[in-house]
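Colleague: Hi! Could you walk me through this one?

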Amino acid sequence: LLSETQRRPFIDGIVADIIVAEPQYARAVDAALEGLTDALLVNSTGDFLQDDELLNKLDSRIHVICMDRIAPFCDCPNQSDQTGVLGRLVEYVQYDCRFSRVVWELLGHVLIVESLDAAMQLAGRLDAHYRYVTPDGQVFSKGHLLNMGPVGKNVGLISRKSRIQELHEAIASLNRQIQEHSGVLVDTEHKNEHLAALCKELRTS
């Protein structure tokens with residue numbers, strides 16, 4: 001279906017396409033979005049449902065997020081100052097502003113916490129719609145549901161994307177350093193050539 005994005009403007013890719021996580025929290029984001037990182041993003045539910053040609057191509061079940069049906073995010077108060085809470089998970093991702101509503105719908109009620117113990121204590125005090133995730137990707141929700149262990153290969157899309165971006169940035173930094181050192185080297189070579197020429201003149205004068 002992703003190949004249809006260009007031809008069908010009502011498809012905006014998948015969730016993993018629109019979210020970039022800070023590297024140290026990428027595993028937490030992957031865990032919080034488990035089962036949804038490859039969900040299809042649709043900006044017009046009507047156009048999508050009326051496209052029989054596209055729907056007939058489906059050979060398995062898929063998740064579809066109907067972005068035009070998402071209500072504005074509403075939550076009060078902000079729980080980021082609670083003991084054991086590192087912040088809302090949505091605060092540790094980057095995204096284009098046109099996807100703000102869907103990103104907040106997915107991550108706005110997810111709190112990143114120091115530990116599962118902190119999550120369980122918070123769950124006893126806060127509203128049931130909050131979910132809790134640790135930096136290493138352990139999830140606690142609904143006051144009784146734990147999701148633990150390594151994420152599957154189809155779940156780590158955001159972690160891999162974050163790692164690739166981190167590597168690109170490291171390569172760019174190394175290239176800048178190489179250019180800087182190359183400039184110093186060229187300058188040094190010119191100075192050496194100048195000094196060698198002066199020495200030669202002094203010897204022959």
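Colleague: Where does glutamine 138 lie?
Modeller: Glutamine 138 lies in the loop between β8 (131–133) and β9 (139–141). Strands here are DSSP runs of E, at least two residues, and helices are runs of H or I, at least four residues, numbered from the N terminus. This is a predicted model, where local features need pLDDT of at least 70 and side-chain atom pairs pLDDT 80 or more, while totals for chains, interfaces and linings use all residues. Residues are numbered from 1 along each chain as its sequence is written, and side-chain values use heavy atoms, without hydrogens and water.

Colleague: Is glutamine 138 buried or exposed?
Modeller: Glutamine 138 has a relative accessible area of 13%, so it is buried (buried is under 20%, exposed over 50%, partly exposed in between, with a 1.4 Å probe and protein chains only).

Colleague: And which residues does glutamine 138 touch?
Modeller: Leaving out residues up to four places away in sequence, glutamine 138 touches Leu116, Tyr132, Val133, Asn147, Met148 and Gly149; contact means heavy atoms within 4.5 Å.

Colleague: New topic: how many aromatic pairs are there?
Modeller: The structure holds three. Rings of Phe, Tyr and Trp (its six-membered ring) pair if their centres lie within 6.5 Å; planes under 30 degrees apart are stacked, over 60 edge-to-face and the rest tilted. In one of the pairs, phenylalanine 10 and phenylalanine 48 have ring centres 6.5 Å apart and planes at 70°, so this pair is edge-to-face.

Colleague: Why does that pair tie together parts that are 38 residues apart in sequence?
Modeller: Because phenylalanine 10 lies in the segment before β1 (11–14), whereas phenylalanine 48 lies in helix α3 (residues 45–50).
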